[in-house]
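Here's a quick look at a few surface features of this protein. Have the sequence and the 3D view open while you read.

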Amino acid sequence: MITIATAECFTHGILAREIHALAQGYEDNFGSKYSYLVNKVQKDCLKDAIMEDKCSIFDLTDLSVTCGLFIPTLDAVKSILQIENPVEPLELVKGIKVYDDDGDIEMSILMAEAAKKIANASIGIGTTAGIGYGGIAIVDDDVVISTSSDVSANLIDADSNNLYMRQKSGIEKTLKILIYYLNENFDKIKSLENVNIHYK
């Protein structure tokens, strides 16, 4: 069983809910709203596996979400995630941390590592976005995968449509990377835009 813990900001805890629904095999209204995307990526992985003379892909029911945290504020980063020295935000909006792209990437990694540690999970996922494309990180004991959404938005402007499109892009990209990661298909991860893979 592979366990996952998330610390999410601009994805609003949706990743934890979606991964949980996939892992539990829930269907219809209770199922994953992104199952169409996950099924497409799984088929892609199976195609690659067959080409490599393998015959199976990762069974998503072997996942378990240990916790999913919605962490928009700097105070929560310090108190709940126990990150003593978070990245200094450019601005706070009602306590919500606002970074640029570089700050978001750095902070998402810290959040992913913290969620993994406090939940004693196999994998930690962190997301945060202020001004720009945001930051997304997936970490385990050996690797850090960082990226951003493919949509730019500005939290300070509070344009709900732009913020929604950035969120949707971030959720989709994170799920794609996670499924490729679980299937050990790092070539596909590397083919995605703006992805960095760092081995610890």
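Gln82 counts as exposed because its relative accessibility is 55% (buried is under 20% relative accessible area, exposed over 50%, partly exposed in between, with a 1.4 Å probe and protein chains only). Gln82 sits in the loop between helix H3 (74-79) and strand S3 (91-93); helices (H or I, at least four residues) and strands (E, at least two) are DSSP runs, numbered from the N terminus.

This is a predicted model, with local features needing pLDDT of at least 70 and side-chain atom pairs pLDDT 80 or more, while totals for chains, interfaces and linings use all residues. Residues are numbered from 1 along each chain as its sequence is written, and side-chain values use heavy atoms, leaving out hydrogens and water.

Gln82 has a positive phi despite not being glycine, and so does Glu184. Here are the two together:

| Residue | Phi | Relative accessible area |
|---|---|---|
| Gln82 | near 60° | 55% |
| Glu184 | near 55° | 65% |

Glu184 lies in the loop between H5 and H6. Glu184 also turns up at the largest pocket, as one of the residues nearest its centre, along with Glu52, Lys54, Asn183 and Asn185. A pocket here is an open set of points on a 1 Å grid over the protein atoms alone, where a 1.4 Å probe fits, with protein on both sides within 12 Å along at least five of seven lines; lining residues have an atom within 4 Å of a point.

Elsewhere, Ile156 is in the loop between strand S9 (153-154) and helix H5 (160-182). Ile156 counts as partly exposed, because its relative accessibility is 36%.
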